[in-house]
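Have a look first, then we'll talk.

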Amino acid sequence: MRGTGDAHDPTGPAAAGAVLAEPTVPVGAGWTAGLSLATLAVFMAFMTPIQILLPLQLERIDPAGKNTALSLVTGLGALVAVLVNPVAGAWSDRTTSRFGRRRPWILGGALAGAAGLAFTASQHTVAGVALGWCLAQAGLNAMLAGVTTPIADRVPVAQRAQVSGWTGLTQSLGLVLGALITTALVTGVPSGYGVLALLTVGLALPFVLRHGEPVLPRSLRPPFAPRSFARSFWVSPRRHPDFGWAWLTRFLVNLGNALGTLYLFYFLADAVHHADPGTGVLILTVVYTLCAALTAIPAGVLSDRVGRRKGFVVLSSLIMAAAALLLALLHTWPSALAAAAVLGAGYGIYLAVDQALVTQVLPEAADRAKDLGVINIANSGPQVLAPALASPVIAHAGGYTGLYLTAALATLVGGLLVGRIRGVA
């Protein structure tokens, strides 16, 4: 791992004192592209199994209990994510490696996540799949801790929504490429996991190898005290109310998204009666991503230009809630296509602007990765709660109509609560 030696990749002693300073030097296109590729890797590895590989694998293992099995596996994996991400972030904040604080965690997490995916591919029981997916989630969340923090570390506030738009776009692109790989380019669940494992590591390497970062001096690393370390994961909403509201906003919006996407494969099979649900997921994901691409970058640029975030978050939540409402009311293939387009447009705006907003409410510069790990619980926590909510809703509260109405309500409430944030316009 090495630095490029450019103005934005200082790694020498002169940069050490500025490691915790607010960034002022704009990042270049190469830096943004490298981080976007690493982000693409981690979200491709996250979402493709949830959307396609795990449903297929579990359907073959237990056809009658596939819904319960999928809820169990994804719920346990999300629970691991909730625990690992902030802990990995906290250790990343304390890392004094000569390669920087984030890159060792990106590469190490990618390797561990790839090993977990390979292990999952070889399993033939629900318990084995659950164990493998938990191992994969542990590695991938360590990688995620490293991938999400460089924007707060290195990107000036006036550029953050634009850069977040590019990284957010690759999150959506990961769904498309993952679905394409596992439905069109390779055959079989094991080969799908294998290709994902290779790409997880390969796509992380450009950022890890080419873009250096300031090194944390050992003198700035606080002494380790187990009790203080454990207490640091509680960020008081009374002392930091903007952080608390940003967390709750993201949790509810992501809960709505998790409720809407977790059973998409089965929704197409059981409610829409699509002849090939796997291909259907691929088509919907392509439509979703294209529409997200049309909104993410322009919304990020506009948000940076006008210096405002909250109005864009509210707008995106209204658009995404409308998409969920469409799925609740109409169970047809054309309506699913329309909903994918609407949801993509709204989520593109959300990914760009909300990430920039979150970086502006972090309590302490020294704890950026840990605090973003706490924020990321609002991403992974809904993956734990969604299966617990979705299964009884589908069974006893209106089926898929009840499920998507619940998703619309969660998304709408989450977006509106962003208005409680006072420190960001």
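Q: How many nonpolar, polar and charged residues are in the lining of the largest pocket?

A: A pocket here is an open set of points on a 1 Å grid over the protein atoms alone, with protein on both sides within 12 Å along at least five of seven lines, and lining residues have an atom within 4 Å of a point. Ala, Val, Leu, Ile, Met, Phe, Trp, Tyr, Cys and Pro count as nonpolar, Asp, Glu, Lys and Arg as charged, and the others, Gly among them, as polar. In this case the lining has 13 nonpolar, four polar and eight charged residues. Before we go on: this is a predicted model, where local features need pLDDT of at least 70 and side-chain atom pairs count only at pLDDT 80 or more, while totals for chains, interfaces and linings use all residues. Residues are numbered from 1 along each chain as its sequence is written, and side-chain values use heavy atoms, with hydrogens and water left out.

Q: Which residues lie nearest the centre of the largest pocket?

A: Ser228, Ser232, Glu364, Asp367 and Lys370, out of 25 lining residues. The elements giving two or more residues to that lining are α3 (66–93), α9 (226–231) and α15; helices are DSSP runs (H or I, at least four residues), numbered from the N terminus. The space in the largest pocket is about 540 Å³, a volume being the space filled by probe spheres set on the points, with grid points joined across faces, edges and corners.

Q: Where does the kink in α15 lie?

A: The bend at a residue is the angle between axes fitted to the seven residues ending there and the seven starting there. In α15 a kink of about 35 degrees lies at Asn379, shortly before the proline Pro382. Helix α15 (residues 368–396) still reaches 42 Å from its first C-alpha to its last, close to the 42 Å expected for its 29 residues; the expected span is 1.5 Å times one less than the number of residues. Just after α15, Gly398 takes a positive phi of about 100 degrees.

Q: How many aromatic pairs does the count come to?

A: Rings of Phe, Tyr and Trp (its six-membered ring) pair if their centres lie within 6.5 Å; planes under 30 degrees apart count as stacked, over 60 as edge-to-face and the rest as tilted. The count here is 13. One of them is Phe265 with Tyr266, edge-to-face at 5.8 Å centre to centre and 80 degrees between the planes. Phe267 and Tyr404 make another edge-to-face pair, with 5.1 Å between centres and 75 degrees between planes.

Q: Why does the pair of Phe267 and Tyr404 tie together parts that are apart in sequence?

A: Phe267 lies in helix α11 (residues 264–270) and Tyr404 in helix α16 (residues 399–416), so the pair ties together parts 137 residues apart in sequence. Phe267 is buried at 0% relative accessibility, and Tyr404 is buried with a relative accessible area of 0%.

Definitions and conventions
Buried < 20%, exposed > 50% of the residue type's maximum accessible area, 1.4 Å probe, protein only. 1 Å grid on protein atoms, 1.4 Å probe; cavity = no way out; pocket = protein on both sides within 12 Å on 5 of 7 lines; lining within 4 Å.
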